[in-house]
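Dear colleague,

I am handing over a structure for your attention. Please find it below, followed by an account of what was found in it.

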Amino acid sequence: MAVGKEIRTKIGSIKNTQKITRAMEMVAASKMRKTQNRMQATRPYSKKIGQIIKHLAHAKAEYKHPYLIAREVKRVGIIVATSDRGLCGGLNANLFRKMLAQLKQWQNENIDVDVCTIGSKGAGFFSNLQTTHLVGQISKLGDTPHLSDIVGIIKIMLDAFDEKRIDELYVVYNEFENTMVQKPGIQKLLPVMADEIEHDLTGHWDYIYEPDAKDVLDNLLTRYIESIVYQGLVENNACEQAARMVAMKSASDNAGNLIGELQLVYNKARQAAITQEISEIVAGAAAV
Amino acid sequence: MTIHVDIVSAEAELYSGLAEMVFAPAELGEVGIAPRHAPFITKLRPGEVRVKISDSESHPFFVSGGILEVQPHLVTILADTAIRAKDIDEAAVLEAKAKAEQALADKTNKIDYATAQAQLIQAVMQLRTLDRLRKRGG
């Protein structure tokens with residue numbers, strides 16, 4: 001029967017879309033579990049390194065590292081972790097919105113902004129933004145990024161800080177609260193705020209440094225920064241998968257509703273056509 | 001007497017437990033850490049870290065550098081996940097910078113904050129297309 005051919009094609013195409021979204025949902029669900037495990041796995045390192053920095057900050061260190069000293073802010077650096085792919089709800093958009101608010105504030109204070117991005121979404125966004133300077137970019141890190149992948153962009157920022165081209169460094173990423181909630185967050189990396197770290201040591205003591213304090217601290221602080229950025233990246237990854245899973249789930253549900261409605265319209269049209277045909281036949285028979 | 005040992009890398013926790021002694025390749029030569037060692041912090045060379053649990057049992061770990069921190073009852077080894085060298089880091093910097101310039105070159109028109117979000121999707125699509133073209137072109 002020729003009735004509702006368009007509707008049938010439409011139902012078919014929505015069904016296909018639903019198959020895709022459902023598949024993406026399931027892929028995201030399994031990836032989310034893995035990325036969450038990775039997120040857990042990075043915690044001990046940053047916790048440990050944080051503890052050591054804490055000790056260092058309060059031990060009577062004879063050497064005060066530049067990373068620990070706050071200075072007047074004229075220009076800041078930001079490292080932004082974003083996803084490579086879309087279809088993950090408002091994840092990146094929320095992050096950018098939060099960033100824009102912060103950028104506006106800096107703009108009002110006449111503070112210039114250098115940006116390094118992780119992920120293609122960030123690169124696309126900041127390359128079009130006139131108010132910031134994109135100085136480094138890395139993308140296509142996949143689901144299992146390695147620390148060595150992000151060393152480059154961190155070094156760009158640390159070099160800039162060493163040469164006093166930037167005075168503060170921030171990292172921006174989505175914080176994973178739970179599967180449903182991801183919160184964009186901005187975290188200050190440099191200068192490392194020793195005062196903010198809780199003081200729980202009794203008495204004053206210092207380490208024996210080998211070869212010397214400067215060398216060790218330099219190394220340690222670099223790694224501290226790297227570990228925080230890496231953790232941010234991994235956390236952002238987990239957020240991406242969770243957001244995608246939720247977005248795809250609601251897409252599949254919406255497709256289901258749409259199919260239901262269209263099916264109803266189709267059935268009605270079909271029924272109307274049959275009724276009409278019968279009444280035509282009956283009318284025809286009566287006329288004879 | 002034992003000392004608590006934690007070996008962690010940025011990507012995972014490698015070991016956590018009690019040991020009699022820990023041997024590590026410090027920058028100025030191999031060190032052995034026994035319980036009640038003075039607070040000590042040093043860089044590590046690439047090499048083998050050995051955690052001696054008893055006379056008969058010890059665990060070896062390979063580290064490609066890192067940091068060793070010692071407190072009287074706690075040894076923490078922050079292991080690097082990859083060999084770190086100045087020129088390798090430098091190459092990564094160049095790569096990231098080149099990518100940024102590439103991204104900036106893809107810019108199509110001037111926009112401000114208000115329209116940035118609307119242009120976002122477009123920019124990303126362009127970028128993706130460019131990537132695809134680049135791949136196809138070899």
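To begin with the two domains of chain A: 5 residues of domain 1 are in contact with 6 residues of domain 2, two residues being in contact if their C-beta atoms, placed from the backbone, lie within 7 Å. On the side of domain 1 of chain A that touches domain 2 of chain A, two or more residues come from each of α1 and α5 of chain A; helices (H or I, at least four residues) and strands (E, at least two) are DSSP runs, numbered from the N terminus. α5(A) provides the largest share of that side of domain 1, 3 residues. By class, that side of domain 1 holds 3 nonpolar, no polar and 2 charged residues. Here Ala, Val, Leu, Ile, Met, Phe, Trp, Tyr, Cys and Pro count as nonpolar, Asp, Glu, Lys and Arg as charged, and the others, Gly among them, as polar.

Please note that this is a predicted model, in which local features need pLDDT of at least 70 and side-chain atom pairs count only at pLDDT 80 or more, while totals for chains, interfaces and linings use all residues. Residues are numbered from 1 along each chain as its sequence is written, and chains are lettered from A and ligands numbered from 1 in the order in which they are written.

Domain 1 of chain A comprises 5–26 + 247–287, and domain 2 comprises 42–245; these bounds come from an automatic or database domain assignment. The centres of the two domains, taken over C-alpha atoms, are separated by 51 Å.

Chain A also meets chain B: 49 residues of chain A are in contact with 45 residues of chain B. Of the elements of chain A, α5(A) gives the most to the side that touches chain B, with 8 residues. That side of chain A has 27 nonpolar, 14 polar and 8 charged residues.

Next, α4(A). Its 16 residues should span 22 Å at 1.5 Å a residue, and its end C-alpha atoms are 21 Å apart, which agrees; the expected span is 1.5 Å times one less than the number of residues. A kink of about 30° is centred on Ile153(A), the bend being the angle between axes fitted to the seven residues ending at a residue and the seven starting there. Because 12 of the 16 residues of α4(A) are buried, this helix is largely enclosed by the rest of the structure. A residue is buried if 20 or more other C-beta atoms, placed from the backbone, lie within 10 Å of its own, exposed if 12 or fewer, and partly exposed in between. Among the buried residues of α4(A) are Leu147(A), Ile153(A) and Phe161(A).

β3(A) is likewise largely enclosed, because 5 of its 6 residues are buried. It runs parallel to β2(A) (residues 112–118), with 5 bridges between them.

Finally, Arg165(A) lies in the loop between α4 and β4 of chain A. Arg165(A) is partly exposed, with 15 other C-beta atoms within 10 Å. Leaving aside neighbours within four places in sequence, Arg165(A) is in contact with Arg75(A) and Ala160(A).

With kind regards

Conventions. Two strands pair if DSSP finds at least two bridges between them.
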